[in-house]
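Here is a short briefing for a reader who is new to this structure. Please look over the sequence and the model, then read on.

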Amino acid sequence: MHILIVEDEKGIVDFLKQGLEEEGYTISSASDGEEGLRKALELEVDLVLLDWMLPKIQGIDVCKRIRKEKTNLQRI
C-alpha cells in the first residue's frame, strides 16, 4: 500500500513515516498543498493523509481538487 502524507510540520511527517514504513507501507510526502495535489494526481497512491492547514493551497481545497480530478477514487 502506498500512502501520501501531506503535512507542513517535518516532525509529524517523520513520526508518521517511520511508523508506517515499519509496518511495511510505502510512503511519499509533500510539505505544502500545491506539492501534495501534484503528487496525489501523478502518483498511484492508496491513501492520502492530509493536513487541513497547509501553505499555498489549504487542505480542504486539495481534497476537493483530488476528488474532482481523480474519478477512480474509493471514498470512505
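**Salt bridges and strands**

The count of salt bridges comes to 6, a salt bridge being a side-chain nitrogen of Lys or Arg within 4 Å of a carboxyl oxygen of Asp or Glu. This is a predicted model, where local features need pLDDT of at least 70, side-chain atom pairs count only at pLDDT 80 or more, and totals for chains, interfaces and linings use all residues. Residues are numbered from 1 along each chain as its sequence is written, and side-chain values use heavy atoms, with hydrogens and water left out.

**The network around Lys56**

- Asp32, Glu34 and Lys56 are linked in a network of salt bridges.
- Asp32 pairs with Lys56, with the closest N and O atoms 3.7 Å apart.
- This pair links distant parts of the chain, 24 residues apart: Asp32 is in the loop between E2 and helix H2 (33–42), and Lys56 is in the loop between E3 and helix H3 (59–69). Helices (H or I, at least four residues) and strands (E, at least two) are DSSP runs, numbered from the N terminus.
- Glu34 also forms a salt bridge with Lys56, and here the closest N and O atoms are 4.0 Å apart.
- Glu34 lies in helix H2 and Lys56 in the loop between E3 and H3, so this pair ties together parts that are 22 residues apart in sequence.
- Asp32 counts as buried, at 10% relative accessibility. Buried means under 20% relative accessible area, exposed over 50%, and partly exposed in between (1.4 Å probe, protein chains only).
- Glu34 is partly exposed at 46%, and Lys56 is exposed at 63%.

**A pair inside helix H2**

- Lys39 forms a salt bridge with Glu35, their closest N and O atoms being 3.4 Å apart.
- Both residues lie in helix H2, 4 residues apart, about one turn of the helix.
- Lys39 is buried, with a relative accessible area of 18%. Glu35 is partly exposed, at 23%.

- E1 and E2 pair in the parallel sense over 5 bridges. Two strands pair if DSSP finds at least two bridges between them.
- Ile5 stands opposite Ser29 in E2.
- E1 also runs parallel to strand E3 (residues 47–50), joined by 4 bridges. Val6 stands opposite Leu50 in E3.

**Helix H1**

- E1, helix H1 (residues 10–22) and E2 make a right-handed β-α-β unit. Right-handed means that, with the strands pointing away from the viewer, the path from the first strand over the helix to the second runs clockwise.
- The 13 residues of H1 should span 18 Å at 1.5 Å a residue, and the end C-alpha atoms are 18 Å apart, which agrees. The expected span is 1.5 Å times one less than the number of residues.

**Ser28 in strand E2**

- Ser28 lies in strand E2 (residues 26–30). Ser28 counts as buried at 17% relative accessibility.
- The bridge partner of Leu4 in E2 is Ser28.
- Leaving aside neighbours within four places in sequence, Ser28 is in contact (heavy atoms within 4.5 Å) with His2, Ile3, Leu4, Ile5 and Leu43.
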